[in-house]
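Please keep the sequence and the coordinates at hand while reading.

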Amino acid sequence: MSLLQQMRTFTRVAELSSFSQAALDLGLPKATVSTAVQQLENALGTRLLHRTTRRVALTQDGQAFYERSKDALADIDELQTMFQQPSPSAASALKGRVRVDMSTVMARCAVLPSLPELLQLHPQLEIELSSTERRVDLISEGFDCVVRAGTVTDPGLVSRPLPPMPMVNCASPQYLARHGTPQTLDDLARHQLVHYAATLGAKCGGFEYVLDDVDCAIPMGGPLTVNNAEAYQAACLSGLGLIQAPLSGVGDALAEGRLVAVLPGYRARPMPLSLVYANRRNQPARVRVVMDWLSAVVTNYVARY
């Protein structure tokens with residue numbers, strides 16, 4: 001049995017947690033399946049599966065090899081059909097895993113509501129969606145692409161610009177009832193800011209605004225610092241202070257009156273937004289399709305506000 005066949009056999013055993021079920025699924029004798037996995041382990045020099053009389057489970061090395069094998073087998077399937085004439089069902093032929101990352105708000109408000117449409121078009125795709133404010137390492141963590149706010153400076157990465165997100169200053173009605181509505185920058189001395197820091201302990205920039213195309217900032221007090229967008233908005237809704245957030249993230253709360261925009265003439269510069277991916281010459285078709293879909297979804301989401 002070739003290495004490719006051994007990998008396919010191993011992945012079925014891993015997915016079904018059973019040599020017997022994998023043999024039935026593949027139409028092979030159980031002894032052939034067991035031998036194929038053992039030969040693969042010998043070639044790799046590590047145990048891939050824990051075997052007991054009751055169950056089969058992946059080892060730590062087996063889990064890592066399984067994840068890489070799924071991607072490699074999907075790429076090989078794509079290579080085998082890349083020169084075939086597309087059929088009417090070609091849209092549903094894309095299969096395999098695509099791992100993406102974005103902020104929690106982007107995932108909740110923009111991407112997840114639209115995801116059923118993508119999976120209906122490509123039912124064999126598997127999407128692994130990470131939502132975090134942490135700046136992930138695309139290469140070492142195995143991400144195919146990420147939606148990233150801010151300037152991209154990482155060497156070896158490609159950045160596809162997306163529409164920048166306009167910013168807005170806002171507070172809850174309860175907060176404004178207690179502290180008044182600021183009308184000028186001088187009024188900020190009597191107000192509190194909810195501070196945001198991706199890494200707790202880092203210095204916060206204060207209240208940011210643009211004047212004559214120059215970025216400015218006013219230091220402000222405030223008892224709370226958070227490190228993710230969901231907590232940032234929740235703190236504002238709870239009346240803990242002013243925030244400066246992308247309009248797309250708080251647009252619904254503003255429309256519903258749960259938040260109120262303040263100091264409209266002193267907004268921070270629109271936040272750059274990019275789709276970022278590793279600098280590979282040829283991306284698999286499934287990754288290209290997901291990246292194009294993400295670009296459209298995020299662009300439409302930002303344009304709504």
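Is leucine 3 buried or exposed? Leucine 3 is exposed, with a relative accessible area of 51%, where buried means under 20% relative accessible area, exposed over 50% and partly exposed in between, computed with a 1.4 Å probe on protein chains only. This is a predicted model, in which local features need pLDDT of at least 70 and side-chain atom pairs count only at pLDDT 80 or more, while totals for chains, interfaces and linings use all residues. Residues are numbered from 1 along each chain as its sequence is written, and side-chain values use heavy atoms, with hydrogens and water left out.

Leucine 3 has its place in helix 1, where helices (H or I, at least four residues) and strands (E, at least two) are DSSP runs numbered from the N terminus. From C-alpha to C-alpha, leucine 3 lies 9.1 Å from alanine 43, although 40 residues separate the two in sequence. Helix 1 packs against helix 2 as well as helix 3, and the table sets out the two pairs. Axes are lines fitted to C-alpha atoms, for helices over the stretch in contact, and angles run from 0 to 180 degrees between N-to-C directions.

| Helix pair | Angle between axes | Axis separation |
|---|---|---|
| Helix 1 (residues 3–16) and helix 2 (residues 19–26) | about 125° | 8 Å |
| Helix 1 and helix 3 (residues 30–44) | roughly 110° | within 9 Å |

Helix 1 and helix 2 pack at an angle of about 125°, which makes helix 1 oblique to helix 2. Helix 1 and helix 3, in turn, are roughly perpendicular to each other; angles under 35 degrees count as roughly parallel, over 145 as roughly antiparallel, 65 to 115 as roughly perpendicular and the rest as oblique. The crossing of helix 1 with helix 2 is right-handed, whereas that of helix 1 with helix 3 is left-handed; a crossing is left-handed if the near helix is turned anticlockwise from the far one by less than a right angle, and right-handed if clockwise.

Contact means heavy atoms within 4.5 Å. On the side of helix 1, Thr9, Arg12, Val13 and Leu16 meet Phe19, Gln21, Ala22, Asp25 and Leu26 of helix 2. Towards helix 3, the residues of helix 1 are Leu3, Gln6, Met7, Thr9, Phe10 and Val13, which meet Val33, Ala36, Val37, Gln39 and Leu40.

Strands of a sheet pair through backbone hydrogen bonds, either parallel or antiparallel. Here five strands form an open sheet in the order 4-3-5-14-6, and the pairing is mixed; two strands pair if DSSP finds at least two bridges between them. Strand 4 (124–131) and strand 6 stand at the edges with a single partner strand each, so one side of each is left without a neighbour in the sheet. Neighbouring strands are turned by 20° against each other on average, direction ignored.

Strand 14 (residues 271–278) is largely enclosed by the rest of the structure, because six of its eight residues are buried. Strand 5 (residues 145–149) pairs with strand 14 in the antiparallel sense over four bridges; among the partners, valine 146 has valine 276 and valine 147 has leucine 275. Strand 6 (residues 157–165) also runs antiparallel to strand 14, with seven bridges joining them, and leucine 157 stands opposite alanine 278. Helix 5 (residues 104–121) lies across strand 3 (95–102), strand 4, strand 6 and strand 14, running at about 175° to strand 4.

**Helix 9 and its cover**

The buried residues of helix 9 (residues 247–255) are Leu247, Ser248, Gly249, Val250, Gly251 and Ala253. Their cover includes helix 5, strand 6, strand 7 (167–171), helix 8 (229–237), strand 12 (243–246) and helix 10 (285–303). Serine 248 counts as buried at 6% relative accessibility, and, leaving aside its neighbours within four places in sequence, serine 248 is in contact with Met165, Tyr301 and Tyr305. Glycine 257, which follows helix 9, has a positive phi near 80°.

**Cysteines**

A search of the whole structure finds zero disulfides, a disulfide being a pair of cysteine sulfur atoms within 2.5 Å. For cysteine 145, the closest cysteine sulfur, in cysteine 109, is 19 Å away, too far for a bond. Cysteine 170 is in no disulfide either, the nearest cysteine sulfur being that of cysteine 236 at 4.5 Å. Cysteine 145 counts as buried at 0% relative accessibility, and cysteine 170 is buried with a relative accessible area of 0%.
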